[in-house]
Amino acid sequence: MVNLIRKTLRQVEIAAYLLAIWSFLVLFLEPIIGFYTNYARVEFFTALANLVLLLLTILNRVLLGESKERHRILLFDVAMLILGSIFLVSQAKFVIFSLLIRQTYFILQYILFRAFEGKLYRWLTGNPPVTLMLSFLLVILFGAILLMLPVSSKLKTVTPFMDALFTATSATCVTGLVVVDTGTHFSFFGQMVILMLIQIGGLGIMTISTVFAIILGQRINLKLENIMYQVVGGSYAVNVFQLLKSIVLVTLVIESVGTLLLFARFAQDFQPMEALFLSLFHAVSAFCNAGFSPLGNNLVSYVDSLAVNLVITALIIAGGLGFSVIIDLQHHALKKDRARKLNLHTKIVLVTTAFLLVLGFTVFYLAEYNGAMRGFSIHRRILGSWFQSVTLRTAGFNTIDLSQIGKASVLISIVLMFIGASPGSTGGGIKTTSFAVLTLSVISLLKGKRHISVFKRRIHEYNFREATGLIMLSITIILVVLFFLMLVEPHAFDKLLFEAVSAFGTVGLTLGITPQLTVIGKLLITVLMYVGRIGPLTMIYAFSTKAKQININYAEEKIPIG
């Protein structure tokens, strides 16, 4: 009897996978299906078939007597069956989409953990850089497919693949560059897809994938733990489960507080539900340093709003500091042992961030006093300069028309975008620590010191090698892509350079040329956003082969420099 039930369950699973393919076609090919037959009827019966198969799956698992570990999945399926039955008549598309996500989850689970005797999962966890790259690619492609669906656009038309891919990459890589207006082109469903991609990209794919592995009952091996610490910048003294719990908790708390504070302001201009959605969207987008906004002119209308300026910039700074810094500050503030000191990484990040914010504010205020901010009041000039100084680091929001800024502001903007946020944060760039290490090395050279030191601590030489290597790789990648952009795009050099650095630093600011890019230009910027988010060093580690260590020390010789 048990064997018969197991055999039936396998047949139901196969049927569910085939139905998942058909469900995807129903969602994606709505105009074509609607041309030949009654789309509403096809949609209804597809949703009904999904619910019937889900019911059969539940019955089989109940008769089979699943283990306690599977009870949560069973309860989840029952909840989906009840909700799906309720929404079947009025929201058949919602039922199909929800159950399609469920099927995709189980298909991925099968491919990763059951197919090929789990070799694929072991190979991926044994190669964290490759896992990181492939995870981002899969999320981007999945997001692009969702954004192409007619339901994702307000006009119920299929969004061109290149535009959907560009938007999905920009959202997942928390950049903010757009080729179509987020508020006018995408429907509520499309904007929710973008918000989901921003949240996934902001938390980090490795964080999300590790959480899923834990949910699926998989053990986290040592290599995956090590890469998790590198991705979020954690300390090896912290348990990986505790680290993940802290990251999720910090994200939820900060984004929730940001949503409530923004709602108090947006509620003055919009209806309650619309204000709530805009508040949530901007809070998540700001903390994840994405820069996406459903508002047509971004935040230019709120250049005078003290509340919007302070809340958005606070969220951007918090997201740009990095999870490990936030957690370290939290522990330092809440621990009973007040003598506990902040770690060196936190100190460097805080000092460097403060320096860059003051530098950006001062330069932008002076450079645009009679430029883009001509005629502004002192209050507006201060808020505008402060906001641009913060957002230029990797956020992508703007309260001033950047197409009007002068050459000096463009230059400082490129420098700030290139430096970016901090390690383990939701932002991009070469990171504040790389900039700090390079600056400290120059200071040590000027002082005649042999080693790099700060806060009574010596920086390891390997950190200097990593920083210089990362900076050279980043400059090389930007210049190569910029070369090809100049071949295919008619825009001025400064605008193309600004666009390239903005994409690589996952900033999302533009001088107005993003929607005008050719297909090749969009593809080049898409590649830059992807490389900038995962990091050049990750790509090098993924494709490099480890050479055998030979215990030979060569004779040392000095060469002239400079």
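# Legends to close-up views

**View A. Serine 285 is found in helix H14, residues 272-287.** The model is a predicted one, in which local features need pLDDT of at least 70 and side-chain atom pairs count only at pLDDT 80 or more, whereas totals for chains, interfaces and linings use all residues. Residues are numbered from 1 along each chain as its sequence is written, and side-chain values use heavy atoms, with hydrogens and water left out. Helices (H or I, at least four residues) and strands (E, at least two) are DSSP runs numbered from the N terminus. Serine 285 counts as buried because its relative accessibility is 0%; buried means under 20% relative accessible area, exposed over 50%, and partly exposed in between, with a 1.4 Å probe and protein chains only. Its side chain reaches the backbone nitrogen of glycine 291 at 3.1 Å. This is a polar contact, a term for a pair of N or O atoms within 3.5 Å; within protein, one must be able to donate a hydrogen and the other to accept it, and residues adjacent in sequence count only if both atoms are side-chain atoms. With residues up to four places away in sequence not counted, serine 285 touches Ile198, Ala290, Gly291, Phe292 and Phe397, where contact means heavy atoms within 4.5 Å.

**View B. Asparagine 289 has a positive phi, near 55°, although it is a residue other than glycine.** Asparagine 289 occupies the loop between H14 and helix H15 (306-321). With a relative accessible area of 2%, asparagine 289 is buried. A positive phi, about 50°, is also found at phenylalanine 455, again not a glycine. Phenylalanine 455 lies in the loop between E1 and strand E2 (457-458). At 39% relative accessibility, phenylalanine 455 counts as partly exposed.

**View C. In the largest nonpolar core, of 96 residues, Ile194, Ile198 and Ile525 touch the most other members.** Helix H7 (residues 128-148) supplies the largest share of this core, nine residues. A nonpolar core is a set of buried Ala, Val, Leu, Ile, Met, Phe, Trp, Tyr and Cys residues joined through side-chain atoms within 4.5 Å. Apart from this core lies another, of 27 residues, including Val250, Leu262, Val308 and Leu315. Isoleucine 194 is in contact with Leu147, Thr167, Ala171, Thr182, Phe186, Phe281 and Phe292, its neighbours within four places in sequence being left aside. In the protein as a whole, buried residues make up 51% of the 562 residues.

**View D. Helix H20 (residues 432-447) has 16 residues and reaches 22 Å from its first C-alpha to its last.** This value is close to the expected 22 Å at 1.5 Å a residue, the expected span being 1.5 Å times one less than the number of residues. The buried residues of H20 are Thr432, Thr433, Ser434, Ala436, Val437, Leu440, Ser441 and Ser444. Their cover includes H17, H19, strand E1 (453-454) and helix H21 (461-488). Glycine 448, with a positive phi near 75°, follows H20.

**View E. Threonine 352 is part of helix H17, residues 344-367.** The side chain of threonine 352 reaches the backbone oxygen of isoleucine 348 at 2.7 Å. Threonine 352 also touches Thr432, Phe435 and Ala436, when residues up to four places away in sequence are not counted. Its relative accessibility is 9%, so threonine 352 counts as buried.

**View F. Aspartate 163 forms a salt bridge with lysine 522, their closest N and O atoms being 2.9 Å apart.** The pair links distant parts of the chain, with aspartate 163 in helix H8 (residues 161-172) and lysine 522 in helix H23 (residues 519-534), 359 residues apart. A salt bridge is a side-chain nitrogen of Lys or Arg within 4 Å of a carboxyl oxygen of Asp or Glu, and the structure holds four. Aspartate 163 counts as buried at 12% relative accessibility, and lysine 522 counts as buried at 12%.

**View G. Arginine 380 forms a salt bridge with aspartate 304, with the closest N and O atoms 2.5 Å apart.** Here too distant parts of the chain are linked: arginine 380 belongs to helix H18 and aspartate 304 to the loop between H14 and H15, 76 residues apart. Arginine 380 is partly exposed, with a relative accessible area of 25%, and aspartate 304 counts as partly exposed at 35% relative accessibility.
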